[in-house]
Amino acid sequence: MAIIEVTDQNFSKEVQSAEAGLVLVDFWAPWCGPCRMVAPELEKVSDEMGDKVTIAKLNVDNNPQTAGNFGVMSIPTLMLFKNGQAVSKIVGAQPKEQLIAWLKEHL
């Protein structure tokens, strides 16, 4: 499954009401160096686990309401939602192996 873009307007529909059980949301911004480092890792995770998890990206500069609602203070923040509820989060860039291990804990 491809990585999807989410916004303040469609976050509830795409993440909190998602059909898929797990949704990983990457809170990021274009000027953030570590965010650019994690992006290719998320592509690899999507290639490997796209049938088990939906990966969504939310640009915090363009969508401050959702980032604020979830208390995102640093980016990248990776937040995992299961059945519409936030269940776990990681702050900072992580390698693919660590991300996959984290996701598997919640499957």
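Which residues is H106 in contact with, leaving aside its neighbours within four places in sequence? The legends below begin with this residue. The model is predicted: local features need pLDDT of at least 70, side-chain atom pairs count only at pLDDT 80 or more, and totals for chains, interfaces and linings use all residues. Residues are numbered from 1 along each chain as its sequence is written, and side-chain values use heavy atoms, with hydrogens and water left out.

**View 1. Surroundings of H106.** H106 lies in the segment after helix 4; helices (H or I, at least four residues) and strands (E, at least two) are DSSP runs, numbered from the N terminus. Its contacts, apart from neighbours within four places in sequence, are L22, L80, K82, V87 and S88, where contact means heavy atoms within 4.5 Å. H106 has a relative accessible area of 17% and is therefore buried. Buried denotes under 20% relative accessible area, exposed over 50%, and partly exposed in between (1.4 Å probe, protein chains only).

**View 2. Strand 4 and its two partners.** Strand 4 is largely enclosed by the rest of the structure, because five of its six residues are buried. Strand 2 pairs with strand 4 in the antiparallel sense over six bridges; two strands pair if DSSP finds at least two bridges between them. Within this pairing, V23 has F81 of strand 4 as its bridge partner. Strand 4 also pairs with strand 5 (residues 85-91), in the antiparallel sense and over six bridges, and here K89 of strand 5 is the bridge partner of M79. Two residues stand between the strands in the hairpin of strand 4 and strand 5, where N83 takes a positive phi near 50 degrees.

**View 3. Helix 2 and what covers it.** Helix 2 (residues 33-49) has 17 residues and reaches 25 Å from its first C-alpha to its last, close to the 24 Å expected. The expected span is 1.5 Å times one less than the number of residues. Buried in helix 2 are C35, V38, E41, L42, V45, S46 and M49. The cover over these buried residues includes strand 2 (22-28), strand 3 (53-59), strand 4 (77-82) and helix 4 (96-105).

**View 4. The nonpolar cores.** The largest nonpolar core has 15 residues, and L24, L42, L78, L99, W102 and L103 have the most contacts inside it. At least two residues of this core come from each of strand 2, helix 2, strand 3, strand 4 and helix 4. A second, separate core of 14 residues includes V6, V15, V25 and F81. Such a core is a set of buried Ala, Val, Leu, Ile, Met, Phe, Trp, Tyr and Cys residues joined through side-chain atoms within 4.5 Å. Leaving aside neighbours within four places in sequence, L42 is in contact with I3, L24, D26, I55, L78 and L99.

**View 5. The disulfide of C32 and C35.** C32 and C35 form a disulfide, with their sulfur atoms 2.4 Å apart; the criterion is a pair of cysteine sulfur atoms within 2.5 Å. The link is right-handed, with 80 degrees about the S-S bond. C32 is placed in the loop between strand 2 and helix 2, whereas C35 is found in helix 2. C32 counts as buried at 4% relative accessibility, and C35 is buried with a relative accessible area of 2%. Not counting residues up to four places away in sequence, C32 touches I75 and P76, while C35 touches W28, A29, I75 and P76. An unreviewed UniProt entry places the feature "active site" at C32 and C35; UniProt positions are given in the numbering used here, feature names are shortened, and annotations may be inferred rather than shown by experiment.
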